[in-house]
Amino acid sequence: MQLTGDRFTSETAQLGNDISTLPNFPAEIRAPAGTLPGVSSFQVHFADYDILTPGDAPNVLVAMNPAALKANLADLPAGADIIVNTDEFTKRNLAKVGYAVSPLEDGSLSEWSVHPVALTSMTVAALADSGLSKKDAERAKNMFALGLLSWMYSRPYASTLRFLERKFAKRPELVAANKTAFQAGWNYGETTESFSVRYEVKPAKMLPGTYRNITGNAALALGLVAAGVRAKLPVFLGAYPITPASDILHELSKHKKFGITTMQAEDEIAAVGAALGASYGGALGVTTTSGPGVALKGETISLAIALELPLVIVDVQRAGPSTGMPTKTEQADLNMALYGRHGEAPLAVIAPKSPSDCFHAAIEAARIALTYRTPVILLSDNYVANGSEPWLLPEVSELPDLQVPFATEPNTEDGRFLPYLRDPETMARPWAIPGTPGLEHRIGGLEKADKTGDISYDPANHDFMVRTRAARIENIPVPDVEVEDPDENARVLVLGWGSTYGPIGAACRALRQRGLPVAQAHLRHLAPLPANLGEVLKAYDKVVIPEMNLGQLAHVVRARYLVDAVPFNQVSGLPFTAAALENMLEDVVKNG
């Protein structure tokens with residue numbers, strides 16, 4: 001289903017529609033087929049106008065078996081189309097999910113438009129002369145379904161056929177079989193009378209330029225590549241595979257020609273240690289992980305804070321605690337990113353708002369890390385990491401210049417090198433590559449003496465260094481938060497961060513269309529916070545903060561700005577729906 005959804009999305013992107021996707025799949029490598037926990041789904045929303053979410057309620061459900069029908073039926077509005085693979089509605093498969101009687105026969109689906117299609121048997125029949133076994137032929141039924149949907153929505157399909165040629169290049173018989181199954185699905189749609197409507201969705205009006213469909217993880221990886229190019233530095237990724245961050249490692253490993261080195265370490269601690277060592281040696285050190293891995297990396301991140309070296313830590317959040325739900329989304333690592341280290345250990349934290357924004361967030365994380373010699377935690381999450389949307393390719397020359405000078409000579413009049421003598425503007429210490437003649441200096445985790453970097457147990461020096469490290473982060477200039485308040489008469493502000501941008505934006509847009517004024521502001525920089533945030537919050541009668549956690553940003557806002565922010569929380573492993581936020585905000589706007 002993920003492959004089918006990905007190909008339909010690619011076809012749609014090539015046509016020029018705006019798109020947003022929501023892959024949803026089990027955490028198990030081989031989830032039990034035909035059971036509710038084993039359902040894998042892929043939701044895609046496309047339109048000829050700007051859209052912000054994968055949609056709340058699908059117009060069409062393709063149910064490949066009873067489990068898929070039962071797992072997704074509650075999401076469908078009345079009148080939606082359900083395409084059902086009738087071959088899979090056997091007594092055994094029905095019993096697996098608790099159906100005593102087939103829903104295709106008991107009238108329980110009367111409020112929807114049901115299209116029974118013998119997907120499996122028609123696929124096998126289409127491949128009767130292929131020489132494949134019945135079992136292998138059945139595996140092509142997803143291509144039959146893709147062909148049918150491609151016909152139904154007038155999608156171009158030449159790229160899918162080319163994809164099949166590449167994917168099965170070593171198995172010509174599978175290339176032919178999948179192409180045949182796809183064509184059979186298309187032909188079925190063309191000839192059957194089961195579908196009275198065929199849809200045509202025109203391209204969306206977008207800014208001119210070259211676009212590609214991109215996932216958040218792929219965009220983040222390319223952002224790190226671009227950061228290395230613009231900094232004129234090698235990029236080193238130390239990573240241990242973990243869902244849902246592993247795709248960043250996979251993508252970066254393809255780009256060695258841009259000075260990218262990737263290392264799959266034996267564990268999370270080794271991964272971050274190698275990344276910090278790379279930064280010490282003059283590279284841009286990066287490590288990618290999810291929440292459990294950030295916990296393991298904590299001691300080395302604290303070491304990076306003490307050493308004041310650049311380091312980018314990418315946390316693609318997932319539902320926790322512990323192993324939690326690895327393939328489901330959550331925003332519950334904010335507290336850990338802000339405070340999850342021993343001692344006073346401040347660092348910068350930023351969060352992308354959408355799949356394509358991951359590219360620019362990665363560049364911003366690298367800029368802050370390199371300029372201010374600090375670790376930066378980039379908080380993505382499963383929703384934006386695996387979701388996709390059109391991305392306007394930027395001009396490389398228009399990306400920020402990230403070059404920073406290395407120390408090359410002593411920085412005192414008497415010819416000494418002081419490793420903690422700070423830049424008066426950035427408060428960053430010099431970055432000296434090991435082995436540079438005359439710049440020998442001590443590093444380590446013990447407290448440093450101001451300027452010299454020598455080991456110090458002096459109480460006054462420790463107080464000074466702690467406050468200096470905190471001030472270095474707090475004084476990083478970040479852009480002011482912008483407020484979307486078209487009529488400038490809203491009394492309610494919705495404040496979000498990270499992947500809640502799309503659902504919040506869609507809900508606010510719907511309310512304004514109904515004449516209910518509401519303002520929206522979204523945070524990319526979470527540490528330090530924008531300088532104007534307090535002023536913005538106090539300009540509204542009510543501040544609402546939707547989060548996929550139990551109110552972590554709301555706690556920060558209430559504590560720091562003494563604003564009675566109202567949290568609206570969800571920890572279901574799924575993103576907010578725009579409808580749920582719209583209903584909640586309507587009540588707040590009308591009743592205060």
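**Close-up 1. Pairing of strands β10 and β12 in the predicted model.** Strand β10 (residues 311-317) and strand β12 (residues 375-381) run parallel and are joined by seven bridges, strands being DSSP runs of E with at least two residues, numbered from the N terminus. Within this pairing, I313 has I377 of β12 as its bridge partner. The model is predicted, so local features need pLDDT of at least 70 and side-chain atom pairs count only at pLDDT 80 or more, whereas totals for chains, interfaces and linings use all residues. Residues are numbered from 1 along each chain as its sequence is written, and side-chain values use heavy atoms, with hydrogens and water left out.

**Close-up 2. The open sheet of seven strands.** The strand order is β8-β7-β9-β10-β12-β11-β17, with mixed pairing, where two strands pair if DSSP finds at least two bridges between them. Because β8 (260-264) and β17 (525-527) stand at the edges with a single partner strand each, one side of each is left without a neighbour in the sheet. On average, neighbouring strands of this sheet are turned by 20° against each other, direction ignored.

**Close-up 3. Helices α11 and α12 on the sheet.** Helix α11 (residues 268-280) lies across β7 (235-239), β8, β9 (284-289) and β10, and runs at about 165° to β9; helices are DSSP runs of H or I with at least four residues. Helix α12 (residues 291-307) packs on the sheet and touches β9, β10 and β12, its direction making about 155° with that of β9. Contact means heavy atoms within 4.5 Å, and angles run from 0 to 180 degrees between N-to-C directions of axes fitted to C-alpha atoms, for helices over the stretch in contact.
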